[in-house]
Amino acid sequence: MIHMSCFVSENVSLLFKLYCLTVMTLVAATYTVALRYTRTVGTELYFSTTAVCVTEVIKLVLSVGILAKETGSLTRLMTSLKENVFGSPKELLKLSVPSLVYALQNNMAFVALSNLDAAVYQVTYQLKIPCTALCTVLMLNRTLSKLQWFSVFMLCVGVTLVQWEPAQATKVQVEQNPWLGFGAIAVAVLCSGFAGVYFEKVLKSSDTSLWVRNIQLYLSGIVVNLFAVYMSDGAKVLEKGFFYGYTYYVWFVIFLASVGGIYTSVVVKYTDNIMKGFSAAAAIVLSTVASVILFGLQTTLTFLLGAALVCISIYLYGLPRQDTTKIQPAETKNSKERLATV
């Protein structure tokens, strides 16, 4: 599923970019629906903190494997790991910031999908795009066009309509707390915007291999998530076991999260973080259809109108514009002045 040769090419074709974005959209939609299924159908509910931790371990293994392919030999792989990972505590510390934020974001996704339908979650979670846009302007010294800001505003209106009269799932019998779900999404949105742009800046500000950066990120992430397991579910994990409640569906969710994480880092490296967010929004349609079939989702007029506005905003953002795949040099005006003039 992952083509190794494409990852090491610096001259990335448009076809490869579209391929990665398409795969990531499909993975995002499937992941959301599958995660929702595991949190509402299973009789023995697994610990979400352990699932997030296992995901980080798998992503670490995949990144080491791809780095081995990139370096070409075991000796060069060990040299690269020694120099860039184990011999660079400052770099590990630098990547611990997004690791901590990503850990919080991933755990909030489980809380949200335990209390909200997959389609409602997908639409509401796109609020990460305005947050990402703001962080992009402030942290990467970029400017966004008026049309881009308008599309972001339209997206916010669309999400508001979805929440105005939320769609209801008729086949879900477990107790849910929508307000807890919305609160979890709010936290996840803030985490996604900051951590995504922070990691993009780290990637594009040096020539260090993408997979070295991933290894640094996932090593920090494993430590952070193990601490989260201990703090949140420590006693229960000791009593019932680390893999309590795991089924084939749970492992499928973990697999999707791992593959999605790898593709996300590739997309951030070769496109930009806002484009990644808008491409993920296309998963709304797939999630809605799946929710109607699997969970008996009863859509409302305001939900459909809101989802349509989100999709239109995706189209508007995708209209021809200046290249934002490179970090622009700082201009004489600061970021706040740019925001004021947009």
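The lining of the second largest pocket comprises 11 nonpolar, 4 polar and 3 charged residues. Here Ala, Val, Leu, Ile, Met, Phe, Trp, Tyr, Cys and Pro count as nonpolar, Asp, Glu, Lys and Arg as charged, and the others, Gly among them, as polar. The model is predicted, so local features need pLDDT of at least 70 and side-chain atom pairs pLDDT 80 or more, while totals for chains, interfaces and linings use all residues. Residues are numbered from 1 along each chain as its sequence is written, and side-chain values use heavy atoms, with hydrogens and water left out.

The second largest pocket has a volume of about 290 Å³. A pocket is an open set of points on a 1 Å grid over the protein atoms alone, where a 1.4 Å probe fits, with protein on both sides within 12 Å along at least five of seven lines; lining residues have an atom within 4 Å of a point. The volume is the space filled by probe spheres set on the points. Of the 18 lining residues, Ser48, Thr49, Asn107, Ser232 and Asp233 lie nearest the pocket centre. Helix 3 (48-71), helix 5 (89-113) and helix 10 (210-240) each supply at least two lining residues. Helices are DSSP runs (H or I, at least four residues), numbered from the N terminus.

Helix 3 and helix 5 also pack against each other, at an angle of about 135° and with axes 10 Å apart. Axes are lines fitted to C-alpha atoms over the stretch in contact, and angles run from 0 to 180 degrees between N-to-C directions. Helix 3 is therefore oblique to helix 5. Angles under 35 degrees count as roughly parallel, over 145 as roughly antiparallel, 65 to 115 as roughly perpendicular and the rest as oblique. Ser48, Thr49, Ala51, Val52 and Glu56 of helix 3 meet Asn106, Asn107 and Phe110 of helix 5; contact means heavy atoms within 4.5 Å. These residues divide into 3 nonpolar, 4 polar and 1 charged.

Helix 10 packs with helix 9 (residues 178-204) at about 140°, with axes 10 Å apart. The two helices are therefore oblique to each other. Phe199, Val202 and Leu203 of helix 9 contact Leu210, Arg213, Asn214 and Leu217 of helix 10. By class, this contact has 5 nonpolar, 1 polar and 1 charged residues.

Helix 6 (residues 118-125) and helix 8 (residues 146-164) pack at about 150°, with axes 9 Å apart. Helix 6 is therefore roughly antiparallel to helix 8. Val120, Val123 and Thr124 of helix 6 make the contact with Val159, Val162 and Gln163 of helix 8. That contact holds 4 nonpolar, 2 polar and no charged residues.
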